Amino acid sequence: MDDLFPPFEPDANEPRPRRFKPVPFRMIAPNMITLMALCLGLTAIRLAFEGKFEPAVIAIVVAGLLDGIDGRVARLLKGTSRFGAELDSLADFVNFGCAPALILYGFSLHNLKSIGWIVALIFAIAMGLRLARFNAMLDDPNRPEWKKDFFVGMPAPAGALTAMLPLYLSFLGLGFESWAAPAILVYVLCIALLVVSTVPTFSGKTMGKRVPRGWVLPIFLAGVAVFGVVISFPFEALVAISVAYLATVPVGAAQYRRRQKLEDAARTEPAPPPATA
């Protein structure tokens with residue numbers, strides 16, 4: 001029997017098992033923020049199934065705030081990584097695609113049965129396609145610097161927050177009976193089309209890098225005032241923010257076209273003749 005199961009003796013000449021280097025905390029911190037946002041998105045889905053739409057909406061809003069923080073924390077700590085970028089895209093699809101679609105379906109679209117579910121599917125898939133296009137455009141080396149001030153289509157967090165505008169209005173006492181479901185369906189479908197469209201919208205990522213010294217204290221006071229309004233009147237503030245953002249979409253498109261014309265004119269302008277001696 002000893003010949004059937006000979007004792008294993010490791011070869012002394014075999015290389016020692018590779019030891020992985022420890023990961024610095026600055027690489028972990030941004031991913032932890034992303035995971036917290038993902039947990040909020042999944043919790044929002046559960047709350048929607050339980051009919052608790054107000055806390056579900058608040059969970060999506062907080063997830064949107066965390067989504068705006070994680071990337072900046074990663075750049076600040078110099079902890080950006082490919083893993084973090086992929087995890088962020090996955091969390092965005094759940095938080096701003098799947099969760100709002102299910103919340104809207106449970107809130108009103110279910111009254112339209114299969115048609116409502118189809119629109120919920122379109123909204124979620126539109127978010128996935130928008131995120132895939134955004135990741136592909138990051139690798140474009142020929143993109144002009146000024147185009148970083150604009151998104152192609154409505155960004156995922158803005159699309160999710162504006163799509164839930166009917167819920168904000170219902171929380172303020174505006175009744176949405178079953179007859180209002182077709183209007184909500186058309187509105188959600190329009191937001192989904194804006195998400196996957198090529199309509200340029202303001203990015204805001206390159207704004208505020210340098211602030212004049214005289215503006216520092218007024219900005220602090222304005223930030224405190226906005227925070228107080230959002231805490232005291234959360235759904236009124238969300239309605240105002242959603243309507244204001246939708247109003248900026250045509251303004252952003254017009255600004256983009258103007259800057260594109262300036263770039264085209266500068267490109268086609270003939271070069272000045274060489275100076276003669």
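V216 comes out as partly exposed, with a relative accessible area of 30% (buried is under 20%, exposed over 50%, partly exposed in between; 1.4 Å probe, protein chains only). This is a predicted model, where local features need pLDDT of at least 70 and side-chain atom pairs count only at pLDDT 80 or more, while totals for chains, interfaces and linings use all residues. Residues are numbered from 1 along each chain as its sequence is written, and side-chain values use heavy atoms, leaving out hydrogens and water. V216 sits in helix 8 (residues 216-232); helices are DSSP runs of H or I with at least four residues, strands are E runs of at least two, and both are numbered from the N terminus.

Now for the rings. Searching the whole structure turns up 6 aromatic pairs (Phe, Tyr and Trp rings, the six-membered one for Trp, with centres within 6.5 Å; planes under 30 degrees apart are stacked, over 60 edge-to-face, the rest tilted). F150 and F202 make a stacked pair, since their centres are 5.6 Å apart and their planes are at 25°. With F150 in strand 1 (residues 150-152) and F202 in strand 2 (residues 200-202), the pair ties together parts 52 residues apart in sequence. F150 is buried at 3% relative accessible area, whereas F202 is partly exposed at 34%. F150 also pairs edge-to-face with Y256, at 5.3 Å centre to centre and 85° between the planes. That pair links strand 1 to helix 9 (residues 234-268), with F150 and Y256 106 residues apart. Together, F150, F202 and Y256 form one aromatic cluster.
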